[in-house]
Amino acid sequence: MSEIEIIPVPTRILTDKDDIVDIMEKYAKDKIGPNDVISVAESVVAITQGQIVRPEELELCFLARVLCRFIPEAGSLASPYGMQALMDVEGKWRVFFAFIVGMIAKVFGKSGVFYKLGGEQTALIDDVTGTMPPFDKHIVYGPDKPFEVVKQLKERLGCFGAVIADVNDLKRSRIVGVTEGTDGEKIAHLLIDNPFGNASQKTPIVIIKNFSQYQAKS
């Protein structure tokens, strides 16, 4: 069996003027084979889709100012702007309800309820400085229709599978979108050390070589 190899792929800075599928084909097509998986950072997919907003464009409400104070400091929702961005897309009262239920659940030792009830974007929003320049001054939402995007990537590149990954340097790795037949949990584990470079490295694409054989054997 050929060994797994993780290969970061450099690109130029990507913007909301780019089509992510076209970009992936341009930079990765000649490097990927039928046994490989293509992965891309979720914030970069979101940026190319225009899923961004500047904090000064948001109108802060009282509830956003209060709830953000109860979020751990490292979280994107710990700022009033991050919390307001979430409320604008998921609904103020849905977020409030999720927060209250989540607080009650914590009393009984169950965590993560707020992120489950607050809507899809609750766990995906990146606050300012959470992504690559020049978008480090923006709040970046999670990508739109991630499962459709990965399906298009697989078809265009002719690879074994495709994923959109949310990975950071705190050993947090999860898959936002994955093609059918591709083991997202195994890929999340392989990406745990965050091989993506969304800042000056400009390597938002990572190819996992020989993944189909690894998946079949493990």
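This is a predicted model: local features need pLDDT of at least 70, side-chain atom pairs count only at pLDDT 80 or more; totals for chains, interfaces and linings use all residues.
1. Helix H5 covers residues 92-107. Its length checks out: 16 residues at 1.5 Å each should span 22 Å, and the end C-alpha atoms lie 23 Å apart, which agrees.

2. H5 has a buried side. Val-95, Ala-98, Phe-99, Gly-102 and Ala-105 are buried. They cover an arc of only 130° around the axis, so they sit on the same side of H5. The cover over these buried residues includes helix H3 (62-67), helix H4 (80-90) and helix H6 (113-117).

3. The other side of H5 carries the exposed residues Trp-93, Phe-97 and Val-107. Val-107 has a relative accessible area of 68%. Val-107 also belongs to a nonpolar surface patch of about 450 Å², made with Ile-100, Ile-104 and Phe-108.

4. Check the backbone just after H5. Gly-109 takes a positive phi there, about 85°.

5. The structure holds 10 salt bridges. One of them pairs Asp-18 with Arg-12 at 2.7 Å, N to O. Asp-18 is buried, at 14% relative accessible area, while Arg-12 is partly exposed at 35%.

6. Glu-90 and Arg-94 also meet in a salt bridge, at 3.6 Å, N to O. Glu-90 is buried at 17% relative accessible area. Arg-94 is partly exposed at 41%.

7. Arg-174 forms a salt bridge with Asp-166, with the closest N and O atoms 3.6 Å apart. Arg-174 counts as partly exposed, at 29% relative accessibility. Asp-166 counts as buried, at 7%. Elsewhere, salt bridges with shared partners join Asp-22, Glu-25 and Arg-156 into one network.

Methods:
Residues are numbered from 1 along each chain as its sequence is written. Side-chain values use heavy atoms; hydrogens and water are left out. Patches are made of residues with over 30% relative accessible area and no salt bridge: like charges are joined within 9 Å, nonpolar side chains (Val, Leu, Ile, Met, Phe, Trp, Tyr) within 5 Å. Accessible areas come from the Shrake-Rupley method with a 1.4 Å probe; for residues, only the protein chains shown count as cover. A salt bridge is a side-chain nitrogen of Lys or Arg within 4 Å of a carboxyl oxygen of Asp or Glu. Helices (H or I, at least four residues) and strands (E, at least two) are DSSP runs, numbered from the N terminus. Buried means under 20% relative accessible area, exposed over 50%, partly exposed in between (1.4 Å probe, protein chains only). The expected span of a helix is 1.5 Å times one less than its number of residues. The arc is that of the directions from the helix axis to the C-beta atoms. Contact means heavy atoms within 4.5 Å.
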